[in-house]
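Colleague: I've got a model open and I'd like to learn how to read it. Could you walk me through it?

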Amino acid sequence: MTDTVSEHAPLGRRERKKAATRKALADAALRLFAEHGYDRVGIRDIAEAADVSTTTLFKHFPSKEALVFDEGDEIKAALLAAVRRRPAGQSIPRALRDHVLRARLLKGKDTDPRFVQLIELVDSTPALRAYARRMWMQHEIDLAAVIAEESGAPADDPMCRALAHFALEARDLGHDSADPEAAVHRAFDLLEHGWPAPEVTPSEG
């Protein structure tokens with residue numbers, strides 16, 4: 001078991017240097033992609049902008065797409081925490097709805113400009129949209145496991161897996177919609193309340 005001191009111990013010099021290099025590369029990539037377009041920027045351009053070699057770049061990022069998505073572990077942790085730490089009485093679908101809306105939509109004057117820039121870049125670049133979807137959907141199994149834990153269901157319960165899958169899918173439903181927020185809400189209405197029963201009209205005698 002990890003004690004409190006070691007959990008919060010400051011990073012060593014090597015770790016700080018590694019983190020600084022990763023940040024410099026990610027910052028340079030985002031800036032160049034925003035200025036010139038994703039397809040017109042090469043790996044060498046990013047390495048030069050961050051003042052490192054391409055070999056060093058590939059030690060930190062396995063691909064060009066990965067430079068845009070530098071927080072995979074944090075995204076997964078936040079997703080699982082949305083279920084585990086939801087307010088008392090809140091349903092799991094409602095907690096996932098709120099989290100997906102926060103993760104996907106750009107709202108409020110206090111929104112981080114870098115986040116806005118990132119979302120706009122991803123939405124306008126097919127290769128990044130596809131990569132982002134793969135990165136997001138890879139958390140399906142872990143999310144299903146947490147849903148099962150929280151609901152007291154068996155670990156292999158197909159309903160938990162289905163909820164995890166479609167909750168994650170819902171994030172991208174509003175991409176081409178005039179009202180992305182409404183599209184996400186409608187998807188989660190279905191997940192939380194089911195398909196509405198059809199109105200029965202009396203037959204003509």
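**Reading the model**

Modeller: Let's start with the overall make-up: the protein has 11 helices and zero strands. Helices here are DSSP runs of H or I with at least four residues, strands are E runs of at least two, and numbering goes from the N terminus. This is a predicted model, where local features need pLDDT of at least 70 and side-chain atom pairs count only at pLDDT 80 or more, while totals for chains, interfaces and linings use all residues. Residues are numbered from 1 along each chain as its sequence is written, and side-chain values use heavy atoms, with hydrogens and water left out.

Colleague: What percentage of the residues in the protein is buried?

Modeller: Buried means under 20% relative accessible area, exposed means over 50%, and partly exposed is in between, using a 1.4 Å probe and protein chains only. Of the 205 residues, 33% are buried.

Colleague: Which residues have the most contacts inside the largest nonpolar core?

Modeller: In soluble globular proteins, nonpolar side chains tend to be buried together. A nonpolar core is a set of buried Ala, Val, Leu, Ile, Met, Phe, Trp, Tyr and Cys residues joined through side-chain atoms within 4.5 Å. The largest one here has 24 residues, and Leu25, Phe33, Ile46, Leu57, Leu67, Phe69 and Leu128 have the most contacts inside it. Two or more residues each come from helix 2 (13-36), helix 3 (43-49), helix 7 (113-123) and helix 8 (126-137). Helix 2 gives the largest share, seven residues. Apart from that core lies another, of 23 residues, including Val83 and Trp136.

Colleague: What is Leu57 in contact with, leaving aside neighbours within four places in sequence?

Modeller: Contact means heavy atoms within 4.5 Å. Leu57 touches Leu25, Ile43, Ile46, Ala47 and Leu67.

Colleague: How do the axes of helix 7 and helix 8 cross?

Modeller: Axes are lines fitted to C-alpha atoms over the stretch in contact, with angles from 0 to 180 degrees between N-to-C directions. These two come within 6 Å and cross at roughly 105°. Angles of 65 to 115 degrees count as roughly perpendicular, so that is how helix 7 and helix 8 lie to each other. Leu121, Val122 and Asp123 of helix 7 meet Leu128, Arg129 and Ala132 of helix 8.

Colleague: What is phi of Asp51 near?

Modeller: Most residues other than glycine have a negative phi. Asp51 has a positive one, near 60°. Asp51 sits in the loop between helix 3 and helix 4 (54-60), and counts as exposed at 70% relative accessibility.

Key:
Parallel < 35°, antiparallel > 145°, perpendicular 65-115°, else oblique.
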